[in-house]
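Thank you all for coming.

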Amino acid sequence: METIGTPLLLGLFLAFILGMLALDLGVFHRREHQVGPREATIWTLVWIALSLAFNLWVYLQFGPTKGLEFFTGYVIEKALSIDNIFVFIVIFRYFSVRPEHQHRILFWGILGALVLRGIFIVAGTALLARFDWIILVFGAFLVYTGFKILRAHETEVHPEKNPILKLFRRFVPMTSDYHGKHFFVRESGRLLATPLLLVLVVVEATDVVFAVDSIPAIFGITHDPFIVFTSNIFAILGLRALYFLLAGLMHKFRYLSVGLGLVLVFIGVKMLIHGWVEIPIVVSLGVVAFLLGGSVLLSLLRPAPPEAVPDPLHEPVPDFQHSPAARVLEETEKK
């Protein structure tokens, strides 16, 4: 499958991303603290600026088609990643994760997502190169997922039904409470995991589910694995800052899920009919922008009641021992 990504170019891209992540955690977030709106806004703008600068380089270096493919894929993945914010809110509430520790979870979660999505993209590229009809399977799956989102009208998350929760408690020795920012502690000579590690594992498992939707969606825009990978990674890298910026405002985007559902249906149909009708990338970008922009505009025109959603970053956080997750783990241990 033809790609603009040479091994050298891919290596430089990965080195840049890892360098930025090291700078983020090792310098700017070396001290655990609650990320405020100003800091979240600055980092959100930084990641968007870096993404657009890379997009401009692709446009100038490889032409307008590749540039538009990257931008369309980035917009789709960015919109899908915003839906992740609601999931993070539910998970952090369920496990009673304090705000000053949430950035650490999201950092390592996104680092793991980088690896997992890379594997998904390599697998998807290999399948498309060997079996042309796989594109129809991807398309049908996206149409099904889109209609499922439209029918539900919102993202439903049930952490208590996640099998990872019970399997982790059953097979991994764990402390009864958090120990600051640590994933592991040593007690009485034994190395024990803390609940913070369990939260990270649940976040990673949740991202696998999101990747199953998002990766085929970008393959509906381009088959170039380098464009798929870079647009995907740039979109999720800004997710941590975006979480702290938008977590308390998610109720204002009540119709975003409708826009996302329609986008997935459109891309799915595009993949299903590609053998007969080729939809230009400019048209695809216009449709995606119209659907997402329309859902945001409708959300602002018809806002949800302000009392319907509490502020997850400033409401009191109980100890882990009093969280819903602790009760489920305790029941698992008794069985």
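I will go through the overall fold, then the aromatic pairs, and then the cavities.

What you see is a predicted model, in which local features need pLDDT of at least 70 and side-chain atom pairs count only at pLDDT 80 or more, while totals for chains, interfaces and linings use all residues. Residues are numbered from 1 along each chain as its sequence is written, and side-chain values use heavy atoms, with hydrogens and water left out.

The protein has 12 helices and 2 strands, where helices (H or I, at least four residues) and strands (E, at least two) are DSSP runs numbered from the N terminus. Read from the N terminus, the order of elements is α-α-α-α-α-α-β-β-α-α-α-α-α-α. Of the 335 residues, 51% are buried, a word that here stands for under 20% relative accessible area, calculated with a 1.4 Å probe and protein chains only. If we take the contacts (heavy atoms within 4.5 Å) with a separation of 6 or more, 82% of them come from residues 24 or more positions apart.

Turning to the aromatic rings, the whole structure holds 19 aromatic pairs, and rings of Phe, Tyr and Trp (its six-membered ring) pair if their centres lie within 6.5 Å, with planes under 30 degrees apart called stacked, over 60 edge-to-face and the rest tilted. One of these pairs is phenylalanine 54 with phenylalanine 70, which is tilted, at 5.4 Å centre to centre and 55 degrees between the planes. Phenylalanine 54 sits in helix 2 (residues 37-62) and phenylalanine 70 in helix 3 (residues 64-94), 16 residues apart, and both are buried.

Why is the pair of phenylalanine 92 and tyrosine 243 edge-to-face? The planes of these two rings stand at 80 degrees, with the centres 5.7 Å apart, so the pair falls in that class. Phenylalanine 92 belongs to helix 3 and tyrosine 243 to helix 9 (residues 239-246), 151 residues apart. Phenylalanine 92 counts as buried because its relative accessibility is 2%, and tyrosine 243 does so at 0%.

Finally, there are 3 cavities of 30 Å³ or more, a cavity being a set of points on a 1 Å grid over the protein atoms alone where a 1.4 Å probe fits but cannot get out. The largest cavity has a volume of about 120 Å³, and of the 15 residues that line it, the closest to its centre are Asn84, Phe88, Gly109, Val203 and Asp207; a lining residue has an atom within 4 Å of a point. Helix 3, helix 4 (99-130) and helix 7 (195-219) each supply at least two residues of that lining.

Methods: Buried means under 20% relative accessible area, exposed over 50%, partly exposed in between (1.4 Å probe, protein chains only). On a 1 Å grid over the protein atoms alone, a cavity is a set of points where a 1.4 Å probe fits but cannot get out, and a pocket is an open set with protein on both sides within 12 Å along at least five of seven lines; lining residues have an atom within 4 Å of a point. Grid points are joined across faces, edges and corners, and a volume is the space filled by probe spheres set on the points.
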